[in-house]
Amino acid sequence: MPYTFARSQELFQRAQRSIAAGVNSGIRKLEAPVPLYFTRGSGTNLWDADGNHYLDFQLGQGALLYGHAPAGLADALAAQARLGTHWAAQCELEIEVAERLQAMIPAAELIRFNNSATEVVTAAFRLARAHTGRPLILRCEGHYHGWADEGLVGFANPADKWGDDENPARFHPSKGVIPAVLEQFVVARWNDPEHLRRRVDQFKGQIAAIVFEPALCNTCCLEPVTGLMSTIRELCDREGMLMISDETITGFRFGASCAQGYYGFRPDLTVLGKAIGGGMPFAALAGTREAMAKIISGEVVHAGTLNGNPLCLAASKWCLDQIRALGAAHPAGIQKLGSRLMAGLTALARQHGVPLHPQGPGLIFHTVMLKPGAAGGAVRDYRDYVRRHDAPRWAHLRRCLLEEGVRAIERGIWSICLAHTESDIDEALIRAGRAFQRHAATWQTTA
Ligand SMILES: Cc1ncc(COP(=O)(O)O)c(C=O)c1O
């Protein structure tokens, strides 16, 4: 029997009387049929307030690279909690975590800690402007860099506001943003090195940094085309701009040296979040000594009461040690599992006549649902995605999956974690088979 969600419905009704809109992050409202309330997680398993069991591929928006509630992490947190959760001062743990990052990521010569990647992105932009004395940041369509004023310019422009192909618009989805923020950005399309060169030339001498998700996980898991990373590096060196790799999702998921090791490039600044804390509110800015100079001199302000708090540090130390212990087995292990899941979903889609197309490097992937009549083949960039993705039909399948106990991110992003096993993938595909069957039968009647 498909799942029902009466208790979550009841809790959501109650929440709306005390929590604005009933949720604490806007996107959580997107979960259909209702924002779910969870009671327990263990490994790859998650249970909601109605007692429904899920095989989880949402994984705390990708942060839980080690699965839910791993025993070692719980022990590390408990031990630290007994010693103290917050000192707003120094402790040896912060050096231990920073030294691990230095050892794992060649471009991480120096580190600063924060509690969210949104904060780190803001710090990186400030640092880049101070370092170069220039006002603009170049960013690409479809890349998400946190929810602050500066993070969202040009992230997901609606089609009627995205500007022409050569001049993507500086649109911000939120009201209340400082109007001048929009003028501080140049937006480019992703995965078109020649277009990027033209954008840089157009704003010559004004751009402080190029920021990007090295694999565009927030839109279709688009890996960089050959030559893109070397083009960005070359442009940054030639023009004196900083190269900022936002590895909030890719960090440690793509291996101990992150996506920069996986694809072989060396940024000036790196944004780390999610998996660095395994579900604790922890994030870091890593950079070359030269790029971090204005933080060292104090000319750039970087602060925060909870920065480098011992509880988050204890979690991070445990997380990083898991990655280091895996050596060459990571990310190959999760990539193999993810690729099997992608292949299984592709086979189910074909079997049930559903135009679903998983794409991505396996460690994480995106399921794109093609609109009727849309051309097949991999999605190329954000505009291509908006043109071809059938969002209502994906939402219908996603709900069928949820009701069979398979949970992916609402937008269609699936993450694999170190706790997933071959039998989890088998079980997920059995459940997905039932979901596809129900979707194929009911979508035709409801569309
Ligand atoms: C690439 C990227 N950068 C930055 C952020 C912001 O991270 P946080 O939610 O920790 O502030 C996210 C969050 O999903 C992200 O995916």
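Biologist: Which residue in E14 is the bridge partner of Ile364?

Modeller: Ser415 in E14 is the bridge partner of Ile364. This is a predicted model, where local features need pLDDT of at least 70, side-chain atom pairs count only at pLDDT 80 or more, and totals for chains, interfaces and linings use all residues. Residues are numbered from 1 along each chain as its sequence is written.

Biologist: What makes E12 and E14 a pair?

Modeller: Strand E12 (residues 364–369) and E14 are joined by 3 bridges and run antiparallel. Pairing requires at least two bridges found by DSSP, so E12 and E14 count as paired. Strands are DSSP runs of E, at least two residues; helices are runs of H or I, at least four; both are numbered from the N terminus.

Biologist: Why is one side of E11 and of E14 left without a neighbour in the sheet?

Modeller: The open sheet has 3 strands in the order E11-E12-E14, with antiparallel pairing. E11 (356–359) and E14 (413–415) are at its edges with a single partner strand each, so one side of each lacks a neighbour in the sheet. From one strand to the next, the twist averages 25 degrees.

Biologist: What makes H3 and H10 roughly parallel?

Modeller: The axes of H3 (residues 92–104) and H10 (residues 310–326) cross at roughly 30 degrees and come within 9 Å. Angles under 35 degrees count as roughly parallel (over 145 is roughly antiparallel, 65 to 115 roughly perpendicular, the rest oblique). H3 is therefore roughly parallel to H10. Axes are lines fitted to C-alpha atoms, for helices over the stretch in contact; angles run from 0 to 180 degrees between N-to-C directions.

Biologist: Which residues of H3 meet H10?

Modeller: Leu93, Glu94, Glu96, Val97, Arg100 and Met104 do. Contact means C-beta atoms, placed from the backbone, within 7 Å.

Biologist: What joins E3 to E13?

Modeller: 2 bridges do, and E3 runs parallel to E13 (residues 406–407). Asp56 stands opposite Arg407 in E13.

Technical notes
Contact = placed C-beta atoms within 7 Å.
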